[in-house]
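Visitor: I would like a close look at a single part of this model. Please keep it brisk.

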Amino acid sequence: MKILIVEDEPTLRTSLVAHLQSDGYRCEEAATYAQAHEKIKLYRYDCVLVDLTLPGGDGLDLVRTLKADQSPAGVLIISARGALDDKVWGLKLGADDYLTKPFHLAELTARVQAILRRRQFQGHNALRFRALTVLPDRAQVLVGEAPLTLTRKEYELLLYFLANPNRLLTKESIAEHLWGDAADTSDSFDFIYNHLKNLRKKLQEKGAVDYIRTVYGLGYELSAE
Amino acid sequence: MKLLATTTRYYLLLAALLFAAGTAALYAGLVWALRTEMEEKLVTERGYLTPILQRTGRLPLPLGDQRTLSRHPRPAGFSDTLEYDPVGRRWEPFRQLHFPVQVKGVTYWVTLRKSLLENDSPLGVVLSVLAAVLIGLLLSLAALNRWLSGRLWQPFHQTLAALRGYELQRQPATLRLPATGIDEFTELNQALTQLSERLGAEYQSLKEFTENAAHETQTPLAILQAKLERLLQLGARNAEMAPLLRDAYGATLRLSRLHQGLTLLSKIENGQFPDAVPLRLAEVVAEKLGLLEELVSGKELTLTYEAADPVPVRMHPALADSLVVNLLQNAIKHNHPGGTLTVRLGPHALEVRNTGPTLSGDPSRYFERFQKQLPGSPSPGLGLSIVQQVCRHYGFGLRYTYEPATGLHVLHVSTYGLD
């Protein structure tokens, strides 16, 4: 999987690259509009991360170029700009998703995965972790062979963990993943706890080991250990 | 009242007064002149008749006028009198002159009378000509007024229409006003054009500032958050480092949320959300209630949602989202566990009622920025300010009332406008 990261801020770019590489993606970088434009014209990518405010041009023009070339690459806009109305614009132009800066790296992984799933496999892929299998196109979870019935939020939570295995997921990032901007209530952490409790119980009822580890005071981790 | 109509009204009033006074003066003058003329005639007649009377002892037959001879003494001089006219069957005014004449040692009193009625017709003619002139003057003034307001004020109305249609956020260009041949309007248009240029420039710089501020602050925040997240991954198992990282991370999140809220507020204030589309609030409310479902059930709130068939409202989708989420979130956040939350969507109103802590003082102060019910709460206290700004932007009515009897907080948004 090859990802192009178009971001002018070098420190942020290195963080993104490091993070996505640790997820197992091959990453290329572009710091300016011209560089990015050259790369998308020359090479094929599975996913392109585009910052909107770039030296030498507007990231939206890159999205336009990708769409005009009928590129199969998924497009994820990452921007500090506008947040709300640019979002509408970006999606209208054909971007697959939009992430407002600052964002959680775990959220970025989850979004990139979702885009790649939709783009490359038309949804026909399975996510596996030990005895767990998730078929996102059918929204189905299997423990071994046995199907597991989850609520929508429990399912989203599990998917989020599976996108970020062996990585600490902070409560804040889980809350924002599940509730978006509406996560801004301190109570939401209690609800995460409740959802997790139910999810663990359901997993254990089907005989799966409890893979979810609590990292005290910080969050949770889907751990193979 | 229109300017021209007002001035015309005063003109007409003055014209009518002048006419009335003029007519009265003219009437008096004419009457005086005619009477004097009549008296002169009577005196001439006296001079002519006296020698004849003295010679013949008789008066010549009167020609239309009346002449009488009497031996009774009368007050000499001019006087007015009325005489009955058997043909016209009415009393008619006469001017008469009495004077004595000595005929062979006997004093006779002569009375000469002339009808004043003959003078009526020139008077009538004069007066009716005057009336016709006045009516003509009034009518032509009214017509001139209409024509002037149509023609002379046309540039003014064009300017007015241009001002009404001028929307800074839609086309932050200068106001385009047609050239006029009238100095006052040209000056007005110049002043307005300059004003719009200044406004446009201010707006542009404010917009750029907001955008740059958003970008320049969000980017370091994004870097900070990304680095802290990497650090968290590394330091999560370190008992000493973990709480420090957690606190730093939490503070970054709060800062970025605060920043997003403030940026959104200033963008609404700058009117940077011009693209309103018709949308159904019921769908937005249903979607957000779905999203917040757990927060509602987690606090064991009793949720009641009533939606009448609502009329679509014209809003920017993002602002509609923001409005609804902030209203609902406010109602959930400041609720007792086990309380109630009632959302009512009428044809032109959205009402959110919820139980919550007792309020003293004016609830509308929570519309101010950074006003929160719990001073230590990590939320920046911008939710209701955003709600207020969105309502103001679209001219919606917004009321926050607290009912002490039931302990209910009611937020009422009327999409009709202020009620």
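Visitor: Which residues of chain B are linked with B:R353 and B:E403 in a network of salt bridges?

Guide: This is a predicted model. The network of salt bridges links B:E306, B:R344, B:E351, B:R353 and B:E403.

B:R353 and B:E403 meet through their side chains, with 3.7 Å from N to O. The cut-off for a salt bridge is 4 Å, so this pair counts. The two residues sit in distant parts of the chain, 50 residues apart. B:R353 belongs to strand β9 of chain B, residues 349-355. B:E403 belongs to strand β10 of chain B, residues 397-403.

Now look at their surroundings. B:R353 has a relative accessibility of 19%, so it counts as buried. The limit for buried is under 20%. B:E403 has a relative accessible area of 28% and is therefore partly exposed.

B:E83 and B:R113 form a salt bridge through their side chains, at 1.9 Å from N to O.

Chain A has a salt bridge that joins a strand to a helix. A:D97 pairs with A:R111, and their closest N and O atoms are 3.1 Å apart. A:D97 is in strand β7 of chain A, residues 97-100. A:R111 is in helix α5 of chain A, residues 105-120. The partners are 14 residues apart, and the pair links distant parts of the chain. A:R111 has 22% relative accessibility, so it counts as partly exposed.

These pairs belong to a longer list. Over all chains, the count comes to 27 salt bridges.

Back to your question, then. In the network of B:E306, B:R344, B:E351, B:R353 and B:E403, the bridge between B:R353 and B:E403 ties strand β9 of chain B to strand β10 of chain B.

Definitions and conventions
Residues are numbered from 1 along each chain as its sequence is written. Chains are lettered from A and ligands numbered from 1 in the order in which they are written. This is a predicted model: local features need pLDDT of at least 70, side-chain atom pairs count only at pLDDT 80 or more; totals for chains, interfaces and linings use all residues. Side-chain values use heavy atoms; hydrogens and water are left out. Helices (H or I, at least four residues) and strands (E, at least two) are DSSP runs, numbered from the N terminus. Buried means under 20% relative accessible area, exposed over 50%, partly exposed in between (1.4 Å probe, protein chains only).
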